[in-house]
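Here is a short briefing on one protein model. Look at the sequence and the fold first, then read the points below.

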Amino acid sequence: MRQHVWLPLGMANTRMDDPLDVIPNRVRGYQLVNGQVKNSEFIDISSRFAAGGTRSTIPDLLKFAKGVMEGKLLKNDTMNVMATSLSTRAGRLTNYSLGWETTPYNGRYMLVHSGGQQETRTLLYILPSRKMGLAVGVNFEGSNPGVYLDRLFQVLTGAPLALNVYSSDKVKATA
């Protein structure tokens with residue numbers, strides 16, 4: 001990851017976690033217990049290589065989004081495969097591709113990836129048609145970072161992020 005993704009994209013503040021290292025600006029996580037804010041339980045995530053074993057920053061997540069949109073990580077054909085929603089045998093779209101949620105919005109799509117564990121929640125939106133990436137990190141367990149990104153999208157574009165309403169048949173859902 002360091003050699004093929006982080007360094008080429010200039011993600012200097014992304015690293016594998018080490019609970020013993022002093023990581024500049026590392027934040028503490030919080031949770032709500034019986035109506036009171038408490039510290040999150042410490043969890044050593046350093047062994048979770050592909051599932052949360054990294055520490056990063058919002059600026060680095062945005063560098064990642066930019067690299068994805070500029071084709072710096074994958075060939076266009078490969079990225080198209082990764083961004084194409086899978087479907088069931090019956091032809092219903094799953095709105096999930098190879099590692100990305102492929103959420104439809106206003107007749108187009110955005111790539112979404114989230115992360116969460118004790119202490120933190122993160123969310124990344126990549127809107128290729130707008131050449132826009134949005135990211136948020138929240139250090140409060142149980143929070144919903146999506147409300148912040150949806151509002152940020154609205155502030156930046158002047159329009160709400162109109163997501164499809166829920167439908168059990170996504171093929172017939174309106175765009």
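A polar contact is a pair of N or O atoms within 3.5 Å; within protein, one must be able to donate a hydrogen and the other to accept it, and residues adjacent in sequence count only if both atoms are side-chain atoms. This is a predicted model: local features need pLDDT of at least 70, side-chain atom pairs count only at pLDDT 80 or more, and totals for chains, interfaces and linings use all residues. Residues are numbered from 1 along each chain as its sequence is written, and side-chain values use heavy atoms, leaving out hydrogens and water.

**Arg-55**
- The side chains of Arg-55 and Asp-17 make a polar contact at 3.0 Å.
- Arg-55 is buried, at 16% relative accessible area (buried: under 20%, exposed: over 50%, partly exposed in between; 1.4 Å probe, protein chains only).
- Arg-55 sits in strand S4, residues 54-55 (strands are DSSP runs of E, at least two residues; helices are runs of H or I, at least four; both are numbered from the N terminus).
- Met-16 is 39 residues from Arg-55 along the chain, yet their C-alpha atoms are 6.2 Å apart.

**The sheet**
- Four strands form an open sheet in the order S5-S6-S7-S8, with antiparallel pairing (two strands pair if DSSP finds at least two bridges between them).
- Strands S5 (101-105) and S8 (132-138) are the edges, and each pairs on one side only.
- Strand S7 (residues 120-127) and S8 run antiparallel, joined by seven bridges.
- Thr-122 stands opposite Gly-137 in S8.
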